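Hello,

Here is the structure we discussed, with the sequence alongside. My notes follow below it.

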Amino acid sequence: MRTTISRQDLAVVRNLGILAHVDAGKTTVTERMLYLTGTTHKRGEVHDGTTVTDFDSQERDRGITIFAAAVSCRWNGHRLTVIDTPGHVDFSDEVERSLRVLDGAVAVFDAVAGVEPQSESVWRRADRYGVPRIAFVNKMDRAGADLDRAVESIRQRLHPVPVVVQLPIGAEGDFTGVVDLVGMRALVWGDDGPAELPVPQNLAATAALRRRQLEEAVAERHSAAFEEFCERAELSEETLTGALRDLTLTGEVVVVLCGAAYRDRGIEPLLDAVVAYLPSPLDRPAVGEGTDTRTADPTESLAALVFKVHATATGRLTFVRLYSGALRKGDTVVDAGPRRRERVARILRVQADRHEEVDQAVAGDIVALVGPKQARVGATLCAPDAPVLLEPPTVAEPVVSVAVEPRVNADSERLSVALARLADEDASLVVRTDAETGQTVLSGLGELHLEVAVEKIRRERGIEVTVGRPQVAYRETVLRGVSGFVYRHAKQDGGSGQWAHIVFDVEPLNPADPGAPGMEFGSTVVGGRVPAEFVRAVEAGCRDALATGPLGGHPVSGVRITLTDGMTHTKDSSELAFRTAARLGVRDALRASAMQLLEPIAELTVTVPDDYVGAVLGDLAARRGRVRDSVSRTGVVVVTAAVPLAEVFGYATRLRSRTQGRGAFTTRPLGYAAAPTR
């Protein structure tokens, strides 16, 4: 049976993410939301491994969120879809994909630590997608908790305009409730939840002052509130709530609440704030490009974005956000990029690792689909007769690599399939085969990211994997060559033999740049002393010889070889003979030349706050890095350096430790340079 849903029904929908630095308490906040809305009947605890959203075995073993998990609940007549996102920097791509499809977010901060490194990172990502946010200062019951200090760190490091709508009652271990500055009432938590009480007498003056500051901050930025404030010298609760919503949707202010999620304090007002201030799908701008756009309307043509793919034991789940239209079981949709048709067999409303099958999904819904076989993260699924292309989430470039191989050779094929599935699920994981070393290289956003990926293969596929550092692809080059090198190849095994005589020069291709790539072959032979077909065979033999150099068996590059003379035998000369003569002769010539080992060089672009520049520069120097440029921007410095690739392994972890997680870097290959003498 099909249910008719109007556009206005979407006004009660909230799609939000919970964002935070690791250990700020966002998973506990999510679990308390589920418990207090009646979605679960028992409080999930991170330390007990009983949370709904951290359902993966690795998440429970490690006590951190690794994979973004979606859950649904209801509060005051509104339907909330909440995505609990990872807080560790290695899994920031999960946050990126989630933010692309969310309408709003709750940023959770530790009341003691304030803004932490990953808080800063996810905040910037939310800025990039224009996601409205409210802030929840958690752990108000901890020793050293200070709401004002946490709010000031938000103001200084994230640069929004935070407006505090609550005043804590009690401090640290005595934190028992809050004063609601919008409704001017006290909420005090006991064993049976919050009790609504008058503002305590000892906080009345402070609450009145904070309420006045809140009104002034809102009136400065909202025209209707300004008019009422000028007329009445105060704002009504209705006007204040409406103005705070408007300013939150435009990003002009960030509403700040506080609580202690672990002790169930502050979650009900947070849920009220989600409903009151964060946007519905109707409040978000249209999607698409140019005139081909879609609005949040179930009656429009379908437009949905794939933001997550997950391979389960029972099949492939494709997670999508519907921006317009409706989707029903059995529908055929088009993947707009490759124009490939996909059939939707089932539609699932997701509750972390549990699923409820539904007949249809409409604009504003976040659901999982069974049926699409090839749709990747970032794909747009649309109606066959109304194609549209939506902006995909940004995929971070990998910065750390490891070599992987099966412990048992018989598992090679299974490992290849498992790695391909990993890359299908997580676009920030890149699998490639090194053409020179033959190693299978897995690249990702950090060492923990790769560790989790490898462990997933072990646990879910039953494949034992050996992990090691990838071999660096060294090169060799000629510093000083030889001239007039003579080599004669003569071989007689009975019947026709092999005979070839060649004279050639070996020299650097570019003496000013030993790391110059390539090989150049030429011939100055005259008079037909070496026929043209034999010259081509000599070139092929030279290239064969350059595959392995004399220093360590590495490929030789940056060399010029010139054939200057030669002789043939009327009976025994052949292309094979001249190719063999060139291969063996060039090897001997290289051993007689002055050779240089070359190592690959990467360009590192490191972005760090001003306070950590010295530590970063010292570490780059220790890694034999050469700083090429340094540019100061607002609060940060961007350092560009050339660093040997062998020294880049492990740099992600070192940079985070040196900068308290606030540094970031990208790499790109620069070429080759002389390696130090060992």
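**Notes on the model**

Gln 660 lies in the loop between α15 (651–658) and β36 (664–674). Its phi is positive, about 55 degrees, although Gln 660 is not a glycine. Gln 660 counts as exposed, because its relative accessibility is 55% and the cut-off for exposed is over 50%.

Please keep in mind that this is a predicted model. The average pLDDT of the chain is 90, and 97% of the residues score at least 70. Confidence is lowest in helix α2 (residues 57–62), with a mean of 74, and highest in strand β11 (residues 254–258), at 98.

A positive phi also turns up at His 159, again in a residue other than glycine, with a value near 65 degrees. His 159 sits in the loop between α5 (147–158) and β6. With a relative accessible area of 56%, His 159 is exposed.

The other item is helix α6, which covers residues 204–219, 16 residues in total. From first C-alpha to last, α6 reaches 22 Å, close to the 22 Å expected at 1.5 Å a residue. Which residues of α6 are buried? They are Ala 207, Arg 211, Leu 214, Glu 215, Ala 217, Val 218 and Ala 219. In an α-helix, residues three or four places apart point the same way, because there are 3.6 residues a turn.

Regards

Terms used. Residues are numbered from 1 along each chain as its sequence is written. This is a predicted model: local features need pLDDT of at least 70, side-chain atom pairs count only at pLDDT 80 or more; totals for chains, interfaces and linings use all residues. Side-chain values use heavy atoms; hydrogens and water are left out. Helices (H or I, at least four residues) and strands (E, at least two) are DSSP runs, numbered from the N terminus. The expected span of a helix is 1.5 Å times one less than its number of residues. Buried means under 20% relative accessible area, exposed over 50%, partly exposed in between (1.4 Å probe, protein chains only). pLDDT is the predictor's confidence in each residue, from 0 to 100.
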